[in-house]
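Keep the structure open while reading.

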Amino acid sequence: LLMKNKKNLKVSIVMGSQSDYKTMKFAEKILKTIGIKFETRIISAHRTPKRMYDFARTISKNKIGVIIAGAGGSAHLPGMLAALTSVPVFGVPIESKKLKGIDSLLSIVQMPKGVPVGTLAIGENGATNSGLLAASVLANNDPLIKKRLDKWRLSQTKSVKNYPK
Ligand code: RP5
């Protein structure tokens, strides 16, 4: 399905478990700050595979322009969604209890050639940056988002003092 109206696209934040939300909240937070429409859902590649397929089937209809997928451990959700859609997928490795998120990171980043997932840093920083990257993608087709994103980046730059105290 071709998207005629490339504006008003939203970001879909999905995660494998309720337990991922404390990390993925940071993606929501930055999207709210920049003023970008989003939805947030729990979808597990392993525990709710049908929900994952149903979600993937309705991506265009639901005007989703970017997917942020957080997952921990074996972390198949970002890769499986990337397999089911050509809408950009950014993967956030959740900091797992046993292996501190190294498992999540390696699982998400090692996609086979031809099916890319843009992989972020482990945990909170990755979640925040996934929101910023999603904003960058949508900004290409939406001057208002671009303006707000550039403003946010400038204020970050200005907040860095020249000297420590
Ligand atoms: C993954 O397993 C989830 O993304 C989560 O990070 C991890 C643990 O899930 P829970 O056992 O806490 O529900 O599928």
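The points below cover the ligand, its neighbours and the pocket. The model is predicted. In it, the ligand takes up the space of the largest pocket.

**Residues around the ligand**
- The shell consists of Gly16, Ser17, Ser19, Asp20, Arg47, Ala71 and Gly72.
- By class, this shell has four polar, two charged and one nonpolar residues.
- Ala71 is the nonpolar member, while Asp20 and Arg47 are the charged ones.

- Serine 17 places a polar side-chain atom 2.6 Å from an oxygen atom of the ligand.
- For serine 19, an N or O atom of the side chain lies 2.7 Å from a ligand oxygen atom.
- Arginine 47 has a side-chain N or O atom 2.8 Å from an oxygen atom of the ligand.
- Each of these distances falls within the 3.5 Å cut-off for a polar contact.

**The largest pocket**
- Its space amounts to about 510 Å³.
- The lining numbers 22 residues, and Ser17, Ser19, Asp20, Gly72 and Gly73 are the closest to the pocket centre.
- Ser17, Ser19, Asp20 and Gly72 also belong to the residues around the ligand.
- By class, the lining has eleven polar, six nonpolar and five charged residues.

Notes. Residues numbered from 1 in each chain as written. Predicted model: local features only at pLDDT ≥ 70, side-chain atom pairs only at ≥ 80, totals over all residues. Heavy atoms only, no water. Near = heavy atom within 4 Å. Polar contact = N/O pair within 3.5 Å; in protein donor to acceptor, adjacent residues only side chain to side chain. 1 Å grid on protein atoms, 1.4 Å probe; cavity = no way out; pocket = protein on both sides within 12 Å on 5 of 7 lines; lining within 4 Å. Sits in = over half its atoms within 2 Å of the grid points. Points joined across faces, edges and corners; volume = space filled by probe spheres on them.
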